[in-house]
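Subject: Structure handover

Hello,

I am passing on the structure we discussed. Please look through it first; my notes come after it.

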Amino acid sequence: MKKSAYALVALLALVLFASCNNYETYGDLKKKERAAISQFIIDKSINVISEAQFNSQGQTTDVSKNEFAYLEKSGIYMQIVRKGCGNMLEESKTVNVICRFSEFNILTDSMQVRNDLNPRIYDTMSVRRTGSTFTASFLSGMMMSAYGSSSVPAGWLVPLLYINVGRPVNEGDEIAKVNLIVPHTQGQAYANSSVYPCYYTITYEREP
């Protein structure tokens with residue numbers, strides 16, 4: 001009987017030890033995220049430029065060189081594919097913005113959510129600008145359905161300081177388009193809680 005009890009205690013200790021060894025701290029998860037981003041940049045042959053260089057280039061990125069600007073404050077890597085037609089969002093005005101996007105989980109190498117395969121499907125968010133700060137909430141769309149929240153990832157709002165949000169009127173007009181590497185701190189709720197980065201391709205268009 002004593003031998004059985006000792007064996008049970010030993011087994012429990014082994015399970016507890018294994019559980020402790022498998023536990024990852026927040027610091028561990030952040031290291032995995034940084035490593036995943038670094039590997040993604042290598043795999044996609046991304047040419048990272050500094051924010052200073054980005055500004056010196058007129059806040060543009062050379063797509064032919066696959067340039068992404070690293071924005072230090074947010075930790076986001078941003079490529080402006082198209083600056084967009086129209087104007088930047090106005091100060092102290094609430095505007096509805098149509099977005100088509102794809103969301104790719106860099107850590108698991110998998111597509112998560114997207115609405116860019118059907119031109120009749122899109123997400124709509126209500127955006128307000130106060131100085132250089134933007135606040136927004138989803139009104140409808142795939143992000144709201146997938147994550148059960150109207151909260152817009154902070155990373156989606158960062159490009160609004162650099163792009164125009166209009167509607168095509170003249171021949172050759174194109175809506176704004178960006179590619180983003182978004183760390184968990186600037187991502188949607190699931191990314192934030194599980195500590196994983198996402199790669200987004202997003203277009204921005206002013207609602208009629």
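This is a predicted model: local features need pLDDT of at least 70, side-chain atom pairs count only at pLDDT 80 or more; totals for chains, interfaces and linings use all residues.

Aromatic pairs

Searching the whole structure gives 9 aromatic pairs. In one of them, the ring centres of W156 and Y200 are 5.7 Å apart and the planes stand at 75°, so this pair is edge-to-face. W156 belongs to helix α5 (residues 154-157) and Y200 to strand β9 (residues 198-206), so the pair ties together parts 44 residues apart in sequence. Both partners are buried: W156 has a relative accessibility of 0%, and Y200 has 1%. Elsewhere, F40, F68, F104 and Y199 form a cluster linked by ring pairs.

N179

N179 is part of strand β8. Its relative accessibility is 9%, and because buried means under 20%, N179 counts as buried. The side chain of N179 makes a polar contact of 2.8 Å with the side chain of Q79 and another, of 2.7 Å, with that of T201. Apart from neighbours within four places in sequence, N179 is in contact with F68, Y77, M78, Q79, V81, Y199, Y200 and T201. Two of these names have come up already: Y199 is in the ring cluster with F68, and Y200 is the ring partner of W156.

G166

G166 sits in the loop between α5 and β8 (176-182). G166 is buried, at 6% relative accessible area. Residues up to four places away in sequence aside, G166 touches C85, G86, I175, E205 and R206. Between G166 and E207 the C-alpha to C-alpha distance is 8.2 Å, although 41 residues separate them in sequence.

The largest pocket holds about 360 Å³ of space. It is lined by 13 residues, and those closest to its centre are K73, S74, S132, V158 and L161. At least two lining residues come from each of β7 (133-140) and α5. By class, the lining of the largest pocket has 7 nonpolar, 4 polar and 2 charged residues.

For the second largest pocket the space is about 180 Å³. Its lining includes Y26, K30, E33, R34 and I37, as well as P183, H184 and T185. Helix α2 (residues 26-43) gives the largest share of this lining, with 5 residues. The classes here are 5 nonpolar, 4 polar and 3 charged. S74 is found in the lining of the second largest pocket and is also among the residues closest to the centre of the largest pocket.

Regards

Terms used: Residues are numbered from 1 along each chain as its sequence is written. Side-chain values use heavy atoms; hydrogens and water are left out. Rings of Phe, Tyr and Trp (its six-membered ring) pair if their centres lie within 6.5 Å; planes under 30 degrees apart count as stacked, over 60 as edge-to-face and the rest as tilted. Helices (H or I, at least four residues) and strands (E, at least two) are DSSP runs, numbered from the N terminus. Buried means under 20% relative accessible area, exposed over 50%, partly exposed in between (1.4 Å probe, protein chains only). Contact means heavy atoms within 4.5 Å. A polar contact is a pair of N or O atoms within 3.5 Å; within protein, one must be able to donate a hydrogen and the other to accept it, and residues adjacent in sequence count only if both atoms are side-chain atoms. On a 1 Å grid over the protein atoms alone, a cavity is a set of points where a 1.4 Å probe fits but cannot get out, and a pocket is an open set with protein on both sides within 12 Å along at least five of seven lines; lining residues have an atom within 4 Å of a point. Grid points are joined across faces, edges and corners, and a volume is the space filled by probe spheres set on the points. Ala, Val, Leu, Ile, Met, Phe, Trp, Tyr, Cys and Pro count as nonpolar, Asp, Glu, Lys and Arg as charged, and the others, Gly among them, as polar.
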